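These are my notebook entries on a structure that I am opening for the first time. I shall record each point that I looked up and then move to the next.

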Amino acid sequence: MKQIKKFFTCCLLVLSLGTVQAQDQLKVITFNIKSFENTGFEVQPFADLLAAENADIICLNEVENRSARQMVNMKYRDVVQDLASKMQLFGVFGYSYNLMNKQGDEDEKKYTYCENELYGNAILSRYPILNVNAMQLPRPAGSADQRGVVTAEILLPSGKMVRVACTHLDHIGGQMEQAKVLVGSSVLSTSIPTILTGDMNQWPGTDVINLLDDSYDRLCQDGMTYQAGSKLDYIYGSKGDFEVVEKRIANNISDGVVLSDHYPVVSVIKFK
């Protein structure tokens, strides 16, 4: 009887270790969704495409939320929560600027409590999101838009915490000033493993990407992520915290519709 008990105890231990190992592995996607424009602001095609990937963490750029042109029956929609609900995920929106102040001519404080016409980034997670922080990035002269970064600290089933940062750098100028924030302590944690994702609007070998490469480990494939032929979208991890299990660039077509001018970037990673 004792031998049988020992056998079952060993089996349970092996199963438990296997479960912990599985929990230490994360599938991460970053995707510039082009404001849901290509589907007439319907989120279901995005839900269909992304749900098929069965990812743990999904980071989205160019997220227009609660805007007038997304209204249905004259009602504003929180399309981020619509998407999260359809995929049965937790979801947070990270504000970058108000669409009524796209040019930045007015004091942004005027829009602090505005609930509509929002623009920024979003994070969807299979696991609970405990802390969220959305920040505006520097907007030096010569840049096009006000950019931002949203961070979410996520509690994994293993009990570990991971910080996920989702950002979108400018496409004209100011990327270096913005990237310097991404390597600072407000984004890159010194105590929690950090994943940084987003459309950096820079290709490998540029000073901006070299700066990120110096502070993070690049965890994504180097192929084209933008239909015009460039690699602009990246997944990074804090130095020495992760190893790559799989990395690829996914399809951006759902039911015959091209969802965006970018492709989803997919990485399966695990804690070292």
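Entry 1. I began with Cys59, which is buried at a relative accessible area of 0%; buried means under 20% relative accessible area, exposed over 50%, and partly exposed in between, with a 1.4 Å probe and protein chains only. I then turned to Cys220, which is in no disulfide, the nearest cysteine sulfur being that of Cys59, 12 Å away. Cys220 is buried as well, with a relative accessible area of 3%. How many disulfides does a search of the whole structure find? The search gives 0, where a disulfide is a pair of cysteine sulfur atoms within 2.5 Å. Cys59 also takes part in no disulfide, and its nearest cysteine sulfur belongs to Cys166, 4.5 Å away.

**Entry 2. Basis of the values.** I note that this is a predicted model, in which local features need pLDDT of at least 70 and side-chain atom pairs count only at pLDDT 80 or more, whereas totals for chains, interfaces and linings use all residues. Residues are numbered from 1 along each chain as its sequence is written, and side-chain values use heavy atoms, with hydrogens and water left out.

**Entry 3. The chain as a whole.** I counted the secondary structure of the protein chain and recorded 5 helices and 14 strands. These are DSSP runs numbered from the N terminus, helices being H or I of at least four residues and strands E of at least two. I next looked up the radius of gyration: the protein chain has 20 Å, which agrees with the value near 19 Å that a compact globule of 272 residues would have. That radius is taken over C-alpha atoms, and the globule rule is 2.2 Å times the number of residues to the power 0.38. Along the principal axes, the C-alpha atoms fill a box of roughly 80 × 45 × 35 Å. Of the 272 residues, 50% count as buried. For contacts between residues at least 6 apart in sequence, I noted that 70% join residues at least 24 apart; contact means heavy atoms within 4.5 Å.

**Entry 4. Thr225.** Where does Thr225 lie? I located Thr225 in the loop between β9 (216-218) and β10 (233-238). Thr225 is buried, with a relative accessible area of 0%. Not counting residues up to four places away in sequence, Thr225 touches several residues, among them Ser230, Asp233, Ile249, His262 and Tyr263.

**Entry 5. Positive phi.** I recalled that most residues other than glycine have a negative phi. Ser35, although not a glycine, has a positive phi of about 60°. I placed Ser35 in the loop between β1 (25-32) and α2 (44-51), and Ser35 counts as buried at 5% relative accessibility. Phe41 is not a glycine either and has a positive phi of about 70°. Phe41 is found in the loop between β1 and α2, and is buried with a relative accessible area of 11%.

**Entry 6. Gly91.** I found Gly91 in strand β3, residues 90-98. Is Gly91 buried or exposed? At 17% relative accessibility, Gly91 counts as buried. Which residues are in contact with Gly91, leaving aside its neighbours within four places in sequence? I listed Gln81, Ala84, Ile123 and Leu124. The C-alpha atoms of Gly91 and Ile123 are separated by 5.8 Å, with the two residues 32 apart along the chain.
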